[in-house]
Every structure is written in C-alpha cells, then in structure tokens.
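Let's take a walk through this protein together, from a single side chain out to the way its parts meet. Have the viewer open and follow along.

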Amino acid sequence: MRASGRIGIVGAGLSGAVIGRELAEAGHQVEIFDARNHIAGNCHTERDEETGVMIHVYGPHIFHTDDREVWDYVNSFQAFMPYKNRVKATSGDQVYSLPVNLHTINQFFGKTFRPDEARTFIEAQADTSIEDPKTFEEQALRFVGKDLYEAFFQGYTQKQWGCSPTELPASILKRLPVRFNYDDNYFAHKYQGMPENGYTDMIGRILDHPNINVSLKTRFVRAQKDDFAHVFYSGSLDGYLDHEFGPLGYRTLDFERFEYDGDYQGCAVMNYGDVSVPYTRITEHKHFSPWEEHKGSVCYREFSRECGPEDIPYYPIRLVKDKEQLAQYVERASRETAITFVGRLGTYRYLDMDVTIREALDTARLYLAREAENASMPVFLHSPI
Ligand SMILES: Cc1cc2nc3c(=O)[nH]c(=O)nc-3n(C[C@H](O)[C@H](O)[C@H](O)COP(=O)(O)OP(=O)(O)OC[C@H]3O[C@@H](n4cnc5c(N)ncnc54)[C@H](O)[C@@H]3O)c2cc1C
C-alpha cells in the first residue's frame with residue numbers, strides 16, 4: 001500500500017458517501033466525484049416544487065434491515081419515520097393484497113380459509129410432478145400452482161426481466177412466496193422506515209465533513225487513478241475497463257410521470273401482473289411519506305426494458321452469459337492495484353441499501369486496518385461472482 005495520502009472515491013451514492021465519511025473521520029483527505037448533478041446516486045430524492053411531495057427520482061426506496069449497527073448508523077444522520085410497505089396488485093378486474101397471503105388466497109379463490117385450510121388447499125394446487133425445478137416457472141408451479149402463478153408471477157416477471165419465466169433460473173424464487181396469515185408487510189426485517197427529509201438530505205449529512213470534497217458533474221476517468229493513494233470505485237466495473245469484454249447486461253427503467261389532484265390510488269405501490277398492461281407498477285410518491293399532507297399527487301408508471309449504452313443501469317441480469325463475461329472482468333480487474341471496486345455497479349450485484357452500507361463500513365474499516373499494517377487492500381472485498 002502506498003503512503004497515506006488523498007483518497008479518491010468514484011460515486012457520491014451510499015457506497016461512496018459511507019466509505020468517504022469513515023476515512024475522513026480517520027483523518028484522510030477524501031475527493032469524491034460524481035458524474036451526475038446531485039449526490040445520493042440512485043437513492044436520490046427531491047421535493048416536487050408544485051405539490052411539495054418528496055419524489056424518489058430513480059424509483060421507490062424503502063429502508064429495511066436486521067442489522068442493528070446499520071440502523072443506528074442511518075438514524076445518527078437523520079430521523080427515520082415509521083413506514084411499512086404494503087403493496088397491492090391489480091390482476092384482471094380485481095385488486096389483491098401482496099405478497100400473496102391468506103387474504104390474497106381467500107380473495108382470489110372466493111374462500112374463507114383459515115391458515116391450515118389454505119395451506120392444504122395450496123399444496124393441492126402445486127404441481128408435484130415437477131420433482132427438480134430448473135426454471136422460475138417450474139419453481140413457481142411447484143410452489144403455488146398454475147392459477148396463482150399466472151395471476152401474480154408470470155406476467156410481472158416477464159415484464160420485469162423481458163423474457164419468459166421459462167428462461168430464468170429457479171433460484172430467483174428461492175422460498176415459498178406465500179404467507180398463510182394476514183401479514184401484508186412486504187419486508188420481514190426488524191427495522192423499517194423512511195428518512196424524514198429524504199435520502200439526499202441524509203446522504204448530504206454523511207458527506208458533510210471538513211475532510212470531504214465532492215465534485216458533481218465530474219466523470220472520473222482511469223487516468224486520474226494515479227493522483228490518489230487509493231481509489232474506491234462505485235461506478236460500473238465494465239465501464240472502468242472500457243467494456244473490453246462487451247457491456248454487462250442490465251435492465252433499465254423508464255418512469256412516465258403524471259400528476260393527480262387528490263389521491264390517485266390510495267397506496268404507494270400498485271403492481272400490474274397482466275401482460276396486457278405494459279408497465280409493471282404505478283408508484284404514488286406522497287404515500288411514501290405518510291406523515292406529510294399534500295393535496296396534489298405525483299405518480300410514476302414504471303416500465304422495464306433492456307439497458308442500452310445511454311441508459312441508466314438498474315438491475316444486473318446475471319444470467320449464464322452475463323456471469324461468464326463477469327468472470328473475465330473480475331480476472332482482468334484483479335490485476336489492478338490501489339483500487340477497490342464497491343457497491344452495486346462496481347461489483348455487478350443487486351444490493352439493498354442496508355447491505356450497501358454494511359459493505360461500505362466493512363470496506364473502510366479494512367482499509368484503515370491494512371494501512372496500519374502497511375498491507376495492500378484487495379480489489380474486491382465482496383466477490384461479484
Ligand atoms: C429501482 C430500484 C429500487 C430500489 N429500491 C430499494 C429499496 O426499496 N430498498 C433498498 O434497501 N434498496 C433499494 N434499491 C437499491 C439501492 O438503490 C442501492 O442499494 C444503492 O443505490 C447502492 O448505492 P451505490 O452507491 O452502490 O450505487 P449508486 O447509487 O448507483 O451510486 C453510484 C454513483 O456513481 C456515479 N458514477 C458512476 N460512474 C462514475 C464515473 N466514472 N465518474 C463519476 N461518477 C460515477 C453514478 O452517477 C452514481 O451516482 C433499489 C434499487 C433500484 C434500482
């Protein structure tokens with residue numbers, strides 16, 4: 001490891017901000033670059049001038065975690081307000097409760113089952129002829145049977161991933177996606193909430209340290225690396241390596257914004273499972289801040305499609321072809337020195353915010369420990385593969 005000196009950080013999202021803060025607290029001078037005109041990366045929130053509603057600009061973000069240290073960390077920068085994500089789904093001409101729970105089952109089949117009765121009923125629906133499910137579709141048919149699969153999983157998955165569920169691996173649907181009680185809280189984590197003044201305000205406070213300098217609208221290029229003792233890179237791995245092995249596959253999202261005078265849908269998230277509806281969901285942003293009151297409303301219709309060179313990469317696809325390409329990038333990157341790839345783009349993984357923060361804290365701490373031992377820092381702390 002080179003002598004202690006300026007640290008370069010690419011990306012002012014959660015990864016870059018948390019690593020930057022930890023290193024700044026330890027006495028390092030930290031330079032953070034972001035190509036966008038705002039901090040907070042994909043968690044960026046901003047208040048709509050007309051309605052006053054807090055908008056989740058790159059799609060809805062709900063904070064949920066079991067990690068007590070991460071929960072305390074975010075709460076030390078911003079008060080978190082209680083928020084439970086209760087999603088609804090429109091399928092055919094009905095609105096149902098999600099994730100599929102006892103209410104959904106009773107609504108869908110027109111029954112009044114108690115938990116044990118529902119479990120027996122769903123087990124009878126399941127396709128037990130599928131012994132070793134290989135695809136998403138087989139896994140879903142085996143878990144929930146044809147009717148629930150078609151209403152809640154098939155169309156939504158097809159729209160989200162742009163391919164048939166028969167082409168996706170069974171591993172995407174790991175556990176039984178059904179609850180036999182009336183719990184409709186989308187997440188099962190112990191700590192859940194929303195930052196009172198939005199994520200951008202929270203991340204602004206993380207970045208607010210005399211040893212941190214943030215340059216917005218500034219794209220970091222590889223040649224700048226030698227200006228720093230070490231670089232933490234939360235931009236895209238394939239982008240850093242000039243797409244030498246071709247672009248890694250991502251899905252991108254288009255948001256079609258519309259305004260409404262009043263309450264458009266009565267909830268924050270309404271999914272649309274039918275393939276005849278081109279969007280996957282509608283989000284109504286004022287419901288993400290239920291402690292606020294706004295007369296006007298701002299909604300996003302969300303469309304998913306393949307990511308092109310000019311689009312924002314959202315979800316890494318990680319199918320067999322992508323993983324083969326990824327292995328080439330990881331091998332190539334492993335030959336670099338004085339750089340560590342972090343975050344969702346740097347490691348080509350979907351990471352929830354709490355995991356992003358946990359990994360960023362661990363990364364900064366390891367850097368400080370290695371620096372004290374004069375030992376080198378790994379290129380990846382968390383393997384992308
Ligand atoms: C649609 C969607 C919904 C989500 N909802 C949730 C949720 O409800 N709950 C949850 O916990 N998590 C959610 N997440 C995950 C969350 O967005 C991530 O955990 C978080 O954004 C990861 O932060 P990051 O800093 O690693 O990456 P990012 O936020 O992507 O930040 C990376 C930054 O690097 C900048 N950058 C890239 N390359 C360069 C370069 N060469 N030079 C300068 N700057 C560069 C980019 O402009 C960007 O600002 C969601 C993600 C998506 C896509």
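A residue is called buried when its relative accessible area is under 20%, exposed when that value is over 50%, and partly exposed in between. Keep those cut-offs at hand, and bear in mind that this is a predicted model.

One joins the side chains of Glu31 and Arg6 at 3.7 Å, N to O. Glu31 belongs to strand 2 (residues 30-33), whereas Arg6 is in the segment before strand 1 (7-10), 25 residues away. Glu31 has a relative accessible area of 18% and is therefore buried, while Arg6, at 37%, counts as partly exposed. The other pairs Arg335 with Glu331, whose closest N and O atoms are 3.2 Å apart. Here Arg335 is exposed at 56%, and Glu331 is partly exposed at 44%.

Now turn to Ser297, which is found in strand 15 (residues 296-306). With a relative accessible area of 1%, Ser297 is buried. Its side chain makes a polar contact of 2.5 Å with that of Glu284. Leaving aside residues up to four places away in sequence, Ser297 touches Thr51, Phe258, Glu259, Tyr260, Gly262, Glu284 and Lys286.

Finally, zoom out to the domains. Domain 1 covers 1-85 + 188-384, and domain 2 covers 97-170. Their centres, taken over C-alpha atoms, are 32 Å apart. How much area is buried between domain 1 and domain 2? The value is about 1,100 Å², with 58% of it from carbon and sulfur atoms. Arg251, Thr280 and Leu319 supply 37% of what domain 1 buries against domain 2, more than any other three residues.

At this interface, 16 residues of domain 1 are in contact with eleven residues of domain 2. The rule finds zero salt bridges across it, but eight residue pairs are in polar contact. On the domain 1 side, strand 13 (269-272) and strand 16 (315-316) each contribute at least two residues. By class, that side has nine nonpolar, four polar and three charged residues.

Note on methods
Residues are numbered from 1 along each chain as its sequence is written. This is a predicted model: local features need pLDDT of at least 70, side-chain atom pairs count only at pLDDT 80 or more; totals for chains, interfaces and linings use all residues. Side-chain values use heavy atoms; hydrogens and water are left out. Domain bounds come from an automatic or database domain assignment. Contact means heavy atoms within 4.5 Å. Buried area is the accessible area (1.4 Å probe) that two parts lose on being put together, summed over both. A salt bridge is a side-chain nitrogen of Lys or Arg within 4 Å of a carboxyl oxygen of Asp or Glu. A polar contact is a pair of N or O atoms within 3.5 Å; within protein, one must be able to donate a hydrogen and the other to accept it, and residues adjacent in sequence count only if both atoms are side-chain atoms. Helices (H or I, at least four residues) and strands (E, at least two) are DSSP runs, numbered from the N terminus. Ala, Val, Leu, Ile, Met, Phe, Trp, Tyr, Cys and Pro count as nonpolar, Asp, Glu, Lys and Arg as charged, and the others, Gly among them, as polar. Buried means under 20% relative accessible area, exposed over 50%, partly exposed in between (1.4 Å probe, protein chains only).
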